[in-house]
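This report goes through a few local features of one protein model in plain terms. Please look over the sequence and the 3D view before reading on.

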Amino acid sequence: MIRSLASKLTLAFLLVGLTGAVLVAVFVRQRTQREFDQFILDQNQQALVSNLTEYYQENGSWNGIDSVFRPGRGEPFPNPYAGARWEVRRALFTVADANGTIVLAGGQERLGQQISQSNLNKGVPLEVDGETVGWLLFTQVLERFNPGTPEGNFLTSLNQATIFSALGAVGIALVLGGILAYTLTRSLRELTSATQMLAKGKLGHKVKVRSRDELGVLAESFNQMSAELAHANDLRRRMTADIAHDLRTPLSVILGYTEALSDGKLQATPEMYAVMHTEAQRLSHLIDDLKTISLADAGELPLMPQLIDPGELLRRTAIAHQVKAQKENIAIKVDTAPDLPLVEVDVERIAQVLGNLVSNALRYTPSGGEIRLSAQREDGGVSLQVTDTGMGIAVEDLPYLFERSFRRDKARQQPSGESGLGLAIAKSLVEAHGGTISVESALGTGTTFRIHLPASE
């Protein structure tokens, strides 16, 4: 049983080439022989008509013509009147009298058989003194000319040339099919080997793109998938390490206090309980963030959409952060375009996204700065923007800003209660609503986060 794809393709090309060559050879041979037959008959038709009419003039009837014009199988036909000779295979022609009765049978015809007028009209009339005295009809000839004759030699040479051409075509089809099969399967073999390496955990492996056809596109897609898998695996490991570190800090604080309290080394105070409560809240936030992003990844994030004015979302966010902004001496302003369409969103989820963006803006905006919340129509939907006058973000960090556990300052720990998943969660929540989120920033000038949400119908 053939299992190799290259062998199957080569065999398929061979069969197609062989079938095509055989069919062409058969058709060419048959057509050439038929046309050659017709050529021979047409060439000798005038001489035959002349001889037959001469016979009728001399004898006054068709009596005895069967004994005089009796063609042999492959034998030269002697003409007793003109001395001409032409090649025949069996009875090449039939002669009927003026009434359509066969007087010289050829092919499958019989003497005395009556021929219909429609068939007579297909023949050549034999006329003597302007009167039709008979009809000459040629029969179909399908047998070969005898070898040794010029015609037979011609057909033999033609048949040999056809056979050699067919064999050459089959050989070329076999060679080209083998080359093409090897070229196609080489890329497939490389892809198979690469997928096996991926299955063994060797992520990031790439294959060489050898063409721009469908196989080339497949190779490029595989390379992209492999790179993304390697990147996602790196992010997962980094996020796991970051989350483990962030979980260890509050746990260490809580365990330290509880151990000291249980050993009697410390006396319980309200301040101590407040610290433990704060650390417990931090753990709770971390767990909530992990749960949210895992549900978003699985496409099972519960949403409770309702219609709301986009300006109302911004005003709620501004009010929620107004107190902290005043402490930091940062102004929060809301600017919305008139007659904005409603959006159908889960208010709490979008409020979580806007709250995260404003919290980040407060963290990185110096005293005396400004945070502007704006909304306007854009591309058939609504664009919500959070713009600050803070320190900005480096251009090289922008493509990775929404990745999990990405830290702009890798030497710094996350602020208390933060998991490093805020922007990744924001992106997941926005995309769950059918929207998009993007960022524009420059160092020293500030940052703008833009959320695009589809307008409600």
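## Cavities

A search of the whole structure finds three cavities of 30 Å³ or more. On a 1 Å grid over the protein atoms alone, a cavity is a set of points where a 1.4 Å probe fits but cannot get out, and lining residues are those with an atom within 4 Å of a point. Grid points are joined across faces, edges and corners, and a volume is the space filled by probe spheres set on the points. Rolling a probe the size of a water molecule over the atoms shows where empty space is left.

The model is predicted: local features need pLDDT of at least 70 and side-chain atom pairs count only at pLDDT 80 or more, while totals for chains, interfaces and linings use all residues. Residues are numbered from 1 along each chain as its sequence is written, and side-chain values use heavy atoms, with hydrogens and water left out.

## The second largest cavity

The volume of the second largest cavity is about 40 Å³. Its lining consists of Ser187, Leu191, Val207, Lys208, Arg210, Leu215, Gly216 and Ala219. Two or more residues of this lining come from each of the elements α4 (150-199) and α5 (214-263). Helices (H or I, at least four residues) and strands (E, at least two) are DSSP runs, numbered from the N terminus. Which element gives the most to this lining? That is α5, with three residues.

By class, the lining has four nonpolar, two polar and two charged residues. Here Ala, Val, Leu, Ile, Met, Phe, Trp, Tyr, Cys and Pro count as nonpolar, Asp, Glu, Lys and Arg as charged, and the others, Gly among them, as polar.

## Helix α5

Helix α5 has 50 residues and reaches 71 Å from its first C-alpha to its last, which is close to the 74 Å expected at 1.5 Å a residue. The expected span is 1.5 Å times one less than the number of residues in the helix. Just after α5 comes Gly264, with a positive phi of about 80°.

## Aromatic pairs

Rings of Phe, Tyr and Trp (its six-membered ring) pair if their centres lie within 6.5 Å; planes under 30 degrees apart count as stacked, over 60 as edge-to-face and the rest as tilted. By this rule there are two aromatic pairs. Tyr56 and Trp62 form a tilted pair, 4.9 Å centre to centre with 50° between the planes. Both Tyr56 and Trp62 are buried. Buried means under 20% relative accessible area, exposed over 50%, and partly exposed in between (1.4 Å probe, protein chains only).

Phe402 and Phe449 form an edge-to-face pair, 6.2 Å centre to centre with 85° between the planes. Phe402 lies in the loop between β9 (381-388) and α10 (422-432) and Phe449 in strand β11 (residues 446-454), so the pair ties together parts that are 47 residues apart in sequence. Phe402 and Phe449 are buried.

Arg450 is buried, at 18% relative accessible area. Its side chain makes a polar contact with the side chain of Glu440, at 3.3 Å. A polar contact is a pair of N or O atoms within 3.5 Å; within protein, one must be able to donate a hydrogen and the other to accept it, and residues adjacent in sequence count only if both atoms are side-chain atoms.

Val439, in strand β10 (residues 436-442), is buried, with a relative accessible area of 16%. Val439 and Arg450 are eleven residues apart along the chain, and their C-alpha atoms are separated by 6.1 Å.

## Positive phi in two loops

Most residues other than glycine have a negative phi, and most peptide bonds are trans. Asn329 is a residue other than glycine with a positive phi, near 60°. Asn329 is in the loop between α8 (322-327) and β6 (331-336) and is partly exposed, at 48% relative accessibility.

Asp379 is not a glycine either, and its phi is positive at about 50°. The loop between β8 (370-378) and β9 holds Asp379. Is Asp379 buried or exposed? Asp379 is exposed, with a relative accessible area of 70%.

Conventions: 1 Å grid on protein atoms, 1.4 Å probe; cavity = no way out; pocket = protein on both sides within 12 Å on 5 of 7 lines; lining within 4 Å.
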